[in-house]
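Please find below a short note for a colleague who is meeting this model for the first time. The points are numbered and may be read beside the sequence and the coordinates.

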Amino acid sequence: MNWLTMIFDTLRDTVLDVVPIVSIVFGFQVFVIRKPIPQLRTVIIGLSYVLLGMALFLVGLEKALFPLGTLMAEQLTDPAFLSASDGLFDQPLGWPDYFWVYLFALSIGFSTTIAEPALIAVAIKANEVSAGAIGVWGLRVAVAVGVALGIALGTFRIVNGTPLYFYIIAGYVIVLIQTLYAPRLIIPLAYDSGGVTTSTVTVPLVTALGLGLATNVPDRSPLMDGFGLIAFASLFPIISVMAYAQLSEWRSRRNAE
Amino acid sequence: MFVLQQPIPNLGDLLIGFLLVVLGLTLFIQGLGMALFPIGETMAYAFARKGSLWWLLAFAFALGFGTTIAEPALIAVAEKAAIAAAQGGAIDNSDSVRDSYAFALRLTVGLSVGIAIVAGVFRIIKGWPVQYFIIGGYAGVVAMTTIAPAGIIGIAYDSGGVTTSTITVPLVTALGVGLASSIKGRNPMLDGFGLIAFASLTPIIFVMAFGILY
């Protein structure tokens, strides 16, 4: 398909997607608050920037990065590739044979999170509210590291076959302990960064990876094992953001001594 | 490329795609500060000045429910969940049964996010610490996991991650921070954040409940 028609179609879809949000906001503004929106012109221009930006972003992803990502996910989880890589064709695959899958999961987790628009928004807001104490890039990298580790561990779980809730509950316990010791001001932001990591970019790629892996690994079912990667991607950033804050607090305390 | 030893298809398309992603993000960030942040903050200030708690909570619910039900990522996951459930034998494998399963799942998640934003806004007004709610929510998740059917658990955990879209996150964050800065005695950093966390936790519990009841 032609680039321009694709951009146009995506723009139309994006506009349709925001219709409920816009109608709720403007409905309340007109019927409940009953005041004109300040700087309506800027808001409308800004909103069209957001929509056009989203459309270009999605077309770029869909046309170039998603096909490559899903193709790689399929090829890497293909039993033929996996058994060829260790040269032992007749032996059953063990978890170390999936080395490239883990590495792919790490890099896809990191790169998709860095490009996540929702995370950029939260990072900008956090930077503004904390008067610069929380860096936009610092937060984005901390979250991306969390997602990367989370998804890599998630693929390991699918290969390994241990139940999902075992990891999630262990993750909750770590979050609980960190909450007791982390700087108080970071806690709400850390919890939030768990939720923002997985929207437009990460979900389709990660779901493809999970389902592909669960289909190809012997004795795994897509229903039981294919899902759950996104849960890892939303739990681990909480841990990594609190760890980042704990680390910088510890460093500044050490420097002060 | 090096691992699979296969050429990357359409290198030209890949480059244009990458360029579009960067251009799109730049425009999006530009628009954030002009539209989404000011809208969220203006609404927060207006509701705080108006002093009507019920309208604020109604707005919070509408925002959570309305934006989630139409969320493309959720629609995709719900469809996949329906297919997986049909293949697993949990529901009949026909189009209409799958569609109604997917729609019911979306409705469940929408409802849970609406309730989450209401609870989160109420928390900001009261100034209660966020961790009590989150830890309480985790306890709920763990409790539900022990009684939910195994097939729904992965889907439930995933649905928590897909609810918060690119447009909703900046709006909701600005709303929370705006509320916390306009109410006396609230710290925007301590009280303003946390709405997204609520919105990603409640769907997990609700979807597992859905799995038990459906």
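1. Over the ring of which residue does the charged end of A:Lys125 sit? The charged end of A:Lys125 sits over the ring of B:Phe37, 4.4 Å from the ring centre, where a charge is taken to sit over a ring if NZ of Lys or CZ of Arg is within 6 Å of the ring centre and within 35 degrees of the ring normal. A second contact of this kind has A:Arg140 lying over the face of A:Trp137, at 4.2 Å from the ring centre.

2. A word on the basis of these values: the model is predicted, local features need pLDDT of at least 70, side-chain atom pairs count only at pLDDT 80 or more, and totals for chains, interfaces and linings use all residues. Residues are numbered from 1 along each chain as its sequence is written, chains are lettered from A and ligands numbered from 1 in the order in which they are written, and side-chain values use heavy atoms, with hydrogens and water left out.

3. A:Lys125 also meets A:Glu128 in a salt bridge, at 3.3 Å from N to O; the term stands for a side-chain nitrogen of Lys or Arg within 4 Å of a carboxyl oxygen of Asp or Glu. The two residues are three apart in helix H5 (residues 117-129) of chain A, and are thus separated by about one helical turn (helices are DSSP runs of H or I with at least four residues, numbered from the N terminus). A:Lys125 is buried at 1% relative accessibility, whereas A:Glu128 is partly exposed at 48%; buried means under 20% relative accessible area, exposed over 50%, and partly exposed in between, with a 1.4 Å probe and protein chains only.

4. By the same rule, the count over all chains comes to six salt bridges. In helix H11 (residues 229-256) of chain A, A:Glu249 and A:Arg253 lie four residues apart, about one turn of the helix, and their closest N and O atoms are 3.4 Å apart in a salt bridge. A:Glu249 is partly exposed, with a relative accessible area of 32%, and A:Arg253 is partly exposed at 48%.

5. In chain B, B:Asp95 forms a salt bridge with B:Arg98, with the closest N and O atoms 2.8 Å apart, and the two are three residues apart in helix H4 (residues 95-126) of that chain. B:Asp95 is exposed, with a relative accessible area of 53%. Elsewhere, A:Asp9, A:Arg12 and A:Asp13 are linked in a network of salt bridges.

6. Over all chains, a search of the whole structure finds 14 aromatic pairs, a pair being rings of Phe, Tyr or Trp (its six-membered ring) with centres within 6.5 Å, called stacked if the planes are under 30 degrees apart, edge-to-face if over 60, and tilted for the rest. The rings of A:Phe232 and A:Phe236 have centres 6.1 Å apart and planes at 20°, so this pair is stacked. Both residues are buried, and they lie four residues apart in helix H11 of chain A. B:Phe122 and B:Trp128, by contrast, form an edge-to-face pair, with 5.9 Å from centre to centre and 65° between the planes; B:Phe122 is partly exposed at 28% relative accessibility, and B:Trp128 is partly exposed at 38%. Ring pairs also link A:Phe28, B:Phe47, B:Trp55 and B:Phe59 into a cluster.

7. Helix H9 (residues 202-216) of chain A has 15 residues and reaches 21 Å from its first C-alpha to its last, close to the 21 Å expected at 1.5 Å a residue, where the expected span is 1.5 Å times one less than the number of residues.

8. The largest cavity holds about 200 Å³ of space, and of its 18 lining residues A:Ser234, A:Ile238, B:Ser200, B:Leu201 and B:Ile204 lie nearest its centre; lining residues have an atom within 4 Å of a point, and a volume is the space filled by probe spheres set on the points, which are joined across faces, edges and corners.

Definitions and conventions. On a 1 Å grid over the protein atoms alone, a cavity is a set of points where a 1.4 Å probe fits but cannot get out, and a pocket is an open set with protein on both sides within 12 Å along at least five of seven lines; lining residues have an atom within 4 Å of a point.
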